[in-house]
Amino acid sequence: MIPRTSIKARSEILRGIRRFFSNRDFLEVETPLLTPHLIPESSIENFQTELVSPYEKSRKLYLTPSPEIWMKVLLSRGSGDIYQISKSFRNSEQISPVHNPEFTMLEWYKTGITAAENMEITYQLIQFLCRKETPPEVKAPFRIMSMEEAFQDFAGFSLEENLAYENLLEQNRRFGIPADETDDWEVLFHKLFLTLVEPELPGDRPLVLNNYPSALETLAAPVPGTPWSDRWELYIRGVEIANCYTEETDPDRIRRFYTIEGKEKERKALVPVHTDSSYAEIFQTFPACSGTAVGIDRLIAQLIDKKDIQGVILFPLNDILA
């Protein structure tokens, strides 16, 4: 049973989030949780359902893994700065202290800024939401570290010099991490990162890890002249809390992403999904902007000094299924 103090804290923090963005002239929006198509993301498994109607044929629908897909449509139509607190759904993940298949996400987009500038908004938000029980390592100024620095410090080798597939495979084998030629580039990278780097990330204050390899297919804009994408993730006490991009705005790059990730999705997804190849057309009128997604349950747990999101989600799935 979740104590009333945790319920009250959650309610106060959600009100604080709305106050923070309202004070900065963001518009709160609500977009569909049910959608007939998704952005293809090969690293995410989705939930599928079905619209059953006596008046028309049945249609497959999906629960959104984030509000991104429809928020970007609003941006392309001139909404300006927007935010949303939304339920999101990810399938085929363990139920754990930091995972629940249904969770709450905060996502915002501010026009005319980059991911680096969005970092300051994220810091201000966390400072605004801190409480008397919030641990000092949650309140502290952000430490900024590049993915290259993290690999050099904690894995002992340069990621930039080992971005080739054969090099990543060899590095996995050198550290005794099971890997072979059936693993694709992304799998090899994540095996190294999750085994050697992420567990060693310092937790004495919030850590921003930036400049992810652009070989990881995302909708983040590239950093010109480098092998990196303009993206960062925020870790607090070793837990991933937020993900931020300078958003890709080039329709051709969006089409390429849809092609590559769509094929990966078709190849390995446990739940096949429908994608809309015409989605790239919204980027003809899409503004320069940066978007940040924050796991609200994880953030609340940090703010009220809990280690387990099951203690801040009012009805975690493992309780409902018990």
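Reader: What makes β8 and β9 count as paired strands, and in which sense do they pair?

Author: In this predicted model, strand β8 (residues 207-213) and strand β9 (residues 228-236) are joined by six bridges in the antiparallel sense. Pairing requires at least two bridges, so β8 and β9 count as paired. Within this pair, L209 stands opposite E233 in β9.

Reader: Which helix packs on the sheet there, and which strands does the helix touch?

Author: Helix α5 (residues 147-155) does, touching β7, β8 and β9. The direction of α5 makes about 85 degrees with that of β7.

Reader: Why are β1 and β7 said to stand at the edges?

Author: The open sheet has eight strands in the order β1-β5-β6-β11-β10-β9-β8-β7, with mixed pairing. β1 (27-28) and β7 (143-146) each have a single partner strand, so one side of each has no neighbour in the sheet.

Reader: How do you know that β2 pairs with β4?

Author: β2 and β4 (residues 59-63) share two bridges in the antiparallel sense. The cut-off is at least two bridges, so they qualify as a pair. L34 stands opposite L63 in β4. The order of this three-stranded open sheet is β2-β4-β3, with β2 (34-35) and β3 (47-51) as edge strands.

Reader: What makes a residue part of the lining of the second largest pocket, and how many are there?

Author: A lining residue has an atom within 4 Å of a point of the pocket. The lining has 13 residues, and Y258, G262, K263, E266 and T275 lie nearest the centre. By class, the lining has four nonpolar, five polar and four charged residues. The volume of this pocket is about 240 Å³.

Notes:
Residues are numbered from 1 along each chain as its sequence is written. This is a predicted model: local features need pLDDT of at least 70, side-chain atom pairs count only at pLDDT 80 or more; totals for chains, interfaces and linings use all residues. Side-chain values use heavy atoms; hydrogens and water are left out. On a 1 Å grid over the protein atoms alone, a cavity is a set of points where a 1.4 Å probe fits but cannot get out, and a pocket is an open set with protein on both sides within 12 Å along at least five of seven lines; lining residues have an atom within 4 Å of a point. Grid points are joined across faces, edges and corners, and a volume is the space filled by probe spheres set on the points. Ala, Val, Leu, Ile, Met, Phe, Trp, Tyr, Cys and Pro count as nonpolar, Asp, Glu, Lys and Arg as charged, and the others, Gly among them, as polar. Helices (H or I, at least four residues) and strands (E, at least two) are DSSP runs, numbered from the N terminus. Contact means heavy atoms within 4.5 Å. Axes are lines fitted to C-alpha atoms, for helices over the stretch in contact, and angles run from 0 to 180 degrees between N-to-C directions.
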